[in-house]
Amino acid sequence: MLNKEIRLAGRPAGMPTLDNFNIVDADITQLNDGEVSVRTLYISVDPYLRGRMREGRSYVPPFEVGEVIVSGVVGEVVESRAPEFAPGDIVTGMLGWRLYNVARAPELRKVDPRVAPITTALGVLGIPGLTAYFGLLDIGKPKEGETVVVSGAAGAVGTTVCQIAKIKGCRAVGIAGSDEKNQYLTSELGVDAAINYKSPEMSQALKEACPNRIDVYFDNVGGEISDAVLPLLNQGARIILCGQISLYNLDKPDVGPRPQPALLINRALMKGFIITDYAARFGEGVMNLAQWLVAGKLKYAETVVEGFENTPQAFIGLFSGDNLGKQIVKVA
């Protein structure tokens, strides 16, 4: 079998380009006991990967130049030397951008295609859904009648946060980058108000959308959008720091309003989190998300790019807002 893989060719300066990636032929690794060979069906591309392309300390080690990029993958077992898996099983795990991966059994979990389409293991029933679930419920602790504001609201995490806020009886306000995305948020997902952050009247629109001010802010974006939220916080507000996509491609540190006065005046909480902090509770999260999905309380959107060789372009598209919902690549 012919294998191919995508490696980091060089560290991006600013916005990543196709020159930062190499697609190369590779060997198929022989299996050892306890290992599984997986044919890639779908690849998840995610904004946080940009952080792993730069040098420096973070919550996860950076990719080395020449190393294969790794992210969420759904695939089919083609050969197994692990009793937990058999050929034909659909599995997911953090695997390389390859046509075929070899993984140890504990690195994989089975995906049941009878519950939902297998792509949901990369989205609403995968890391993005779990990020929304634990970030909002564990840190945000939304109460019925409160106002929840979500930046990056049309992405894989944001769409799920908006819907969980509605499930919990909150007023949900989404911020996204186009009128079409905001139409989806309000008409399809039932979001109470949606704001285009590219509008020159964004701050005023946010104020009008939050007549009772803001109790919970789920921050996927950072930058000027988050600056506009600070003056509208209620006492006891909770800010969940999930992502800062507006800053990922900057070469120099961003300078903006300092949040400390707003946090102090309102006795507000601002807390960052990484989804792996909740690994021991993933089963709980998937079970509840799946129940809401089956009950029709949770919807999801996917933007699918076809072709393994287009994976880098799909990743780059995240930073210009090409995707609605989860961005994935269909490989096979």
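## Around N196

Leaving out neighbours within four places in sequence, N196 touches A176, G177, S178, D179, N182 and M202 (contact here means heavy atoms within 4.5 Å). This is a predicted model, so local features need pLDDT of at least 70, side-chain atom pairs count only at pLDDT 80 or more, and totals for chains, interfaces and linings use all residues. Residues are numbered from 1 along each chain as its sequence is written, and side-chain values use heavy atoms, with hydrogens and water left out.

N196 sits in strand β10, residues 193-196 (strands are DSSP runs of E, at least two residues, and helices are runs of H or I, at least four, numbered from the N terminus). With a relative accessible area of 17%, N196 counts as buried (under 20%; exposed is over 50% and partly exposed is in between, using a 1.4 Å probe and protein chains only).

## What its side chain does

The N196 side chain makes a polar contact of 3.3 Å with the side chain of D179 (a pair of N or O atoms within 3.5 Å; within protein, one must be able to donate a hydrogen and the other to accept it, and residues adjacent in sequence count only if both atoms are side-chain atoms). The N196 side chain also gets to the backbone nitrogen of K198, at 2.9 Å.

## Over to helix α7

Helix α7 covers residues 282-294, and at 1.5 Å a residue its 13 residues should span 18 Å, which agrees with the 18 Å between its end C-alpha atoms (the expected span is 1.5 Å times one less than the number of residues).

Its buried residues include W292 and L293, and the buried set packs against α1 (127-140) and α2 (156-167). After α7 comes G296, with a positive phi near 80°.
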